[in-house]
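Hi everyone, thanks for making time today. Let me put the model up on the screen, and then we can walk through its metal sites and its aromatic rings together.

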Amino acid sequence: MLFTFLGTAAANAFPEAFCACPNCTQARTLGGKSLRKRSAALMNNDLLIDLGPDIMAASQIHRTPLHQVRYCLQTHPHADHLDLSHILSRSPAYGVVGAPVLEFYASRETLDHAAETFRRDLADFNLLSPEAEKELNFRPHRIEPFEPFRAGPYSVTAFPANHAPGMGAMLYAIEATGRSVFYGTDTAALFDQSWQVFRQRNMRFDLVILDHTYGPDESGTDHLNAIQLIEHAHRMRAEGVLAPAARVFATHIAHEGNPAHDLLDTFAREHGYEVAFDGLVLKI
Ligand SMILES: [Zn+2]
Ligand SMILES: [Zn+2]
Ligand SMILES: [Zn+2]
């Protein structure tokens, strides 16, 4: 299974275009892995996590076509994760050739929020109607926390994120061909019930990706900071949630307390995890 990071930044990208702080200045000077677009990811060539605002740029920069994407797991409707104009951009009405129907999985709150935004800003019909399915090559699916579902070859379980109350934000455990991934952004500390479900269902991940919005000296809000990520990784290891050779990666990285890539990755490796960067492809 292949896992590609299309973007690894928090809401304002990193470096922030309008910011002259030392971290943004350093990242801008160094370039390369220190340039982060808003978070999104791709599994194999057909499962997208988040229809984010930078996926067009990511597809071009990293030479990663998205025309075979059939499934999208949407974490939540915040603007750094959901740009609904992509639903139009991949539709036959825009002359797009060959894109299959997009099976779009999200919570009720995320679907409702998307439908409201879509009607207000983009089109005069309901995104959740049969008309939209016909016009846009788009099929929404409402998912519930802790209820496993299938997305083609993938077995998926959504976990409630500790983030944006009332928005139905989700984290995803995704399994296929005997390999398992946990994608955990945006979130503060995982809920007790999530840890219980990991235990009850003997969930064991080969790859864990966690929110790392803030550096070690910044306090987390409804996101994790570096210290909290380290605590989560330790607990996962202690509770057998990580497979023996599992790797833990940080994503959703903001300029607050996080230096440019190489420095941050050195810190991370000293503490048992790694830092993702845009365009990183992992074979798991
Ligand atoms: Zn975010
Ligand atoms: Zn900055
Ligand atoms: Zn968010």
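**Metal sites and rings**

Let's begin with D186, which is buried at 2% relative accessibility; buried means under 20% relative accessible area, exposed over 50%, and partly exposed in between, with a 1.4 Å probe and protein chains only. Before I go on, a word on the source: this is a predicted model, where local features need pLDDT of at least 70 and side-chain atom pairs count only at pLDDT 80 or more, while totals for chains, interfaces and linings use all residues. Residues are numbered from 1 along each chain as its sequence is written, chains are lettered from A and ligands numbered from 1 in the order in which they are written, and side-chain values use heavy atoms, with hydrogens and water left out.

So what does D186 do here? It bridges the zinc ion (ligand 3) and the zinc ion (ligand 1), which lie 3.6 Å apart. H78 sits in the loop between β4 (71-73) and α3 (85-89), and D186 in the loop between β10 (179-184) and α6 (192-200), so this pair ties together parts 108 residues apart in sequence. Helices (H or I, at least four residues) and strands (E, at least two) are DSSP runs, numbered from the N terminus. H78 itself is partly exposed, at 24% relative accessible area.

Which residues coordinate the zinc ion (ligand 3)? They are H76 (NE2), H78 (ND1), H163 (NE2) and D186 (OD), at 2.1 to 2.5 Å. Donors are N, O and S atoms within 2.8 Å of the metal (3.2 Å for Na, K and Ca), and water is not among the atoms, so sites may look incomplete. The angles among the 4 donor atoms run from 93 to 163 degrees, and the site is irregular.

Now the zinc ion (ligand 2): C19 (SG), C21 (SG), C24 (SG) and H255 (ND1) coordinate it at 2.0 to 2.3 Å. Here the angles are 105 to 117 degrees, and the site is tetrahedral. Four donors count as tetrahedral if all angles lie between 85 and 135 degrees; four count as square planar and six as octahedral if opposite donors are over 155 degrees apart and all others between 65 and 115; anything else is irregular. C19 is buried, at 15%.

On to the rings: there are 14 aromatic pairs. F5 and F249 have centres 6.0 Å apart and planes at 45 degrees, so they are tilted. Rings of Phe, Tyr and Trp (its six-membered ring) pair if their centres lie within 6.5 Å; planes under 30 degrees apart count as stacked, over 60 as edge-to-face and the rest as tilted. Both F5 and F249 are buried.
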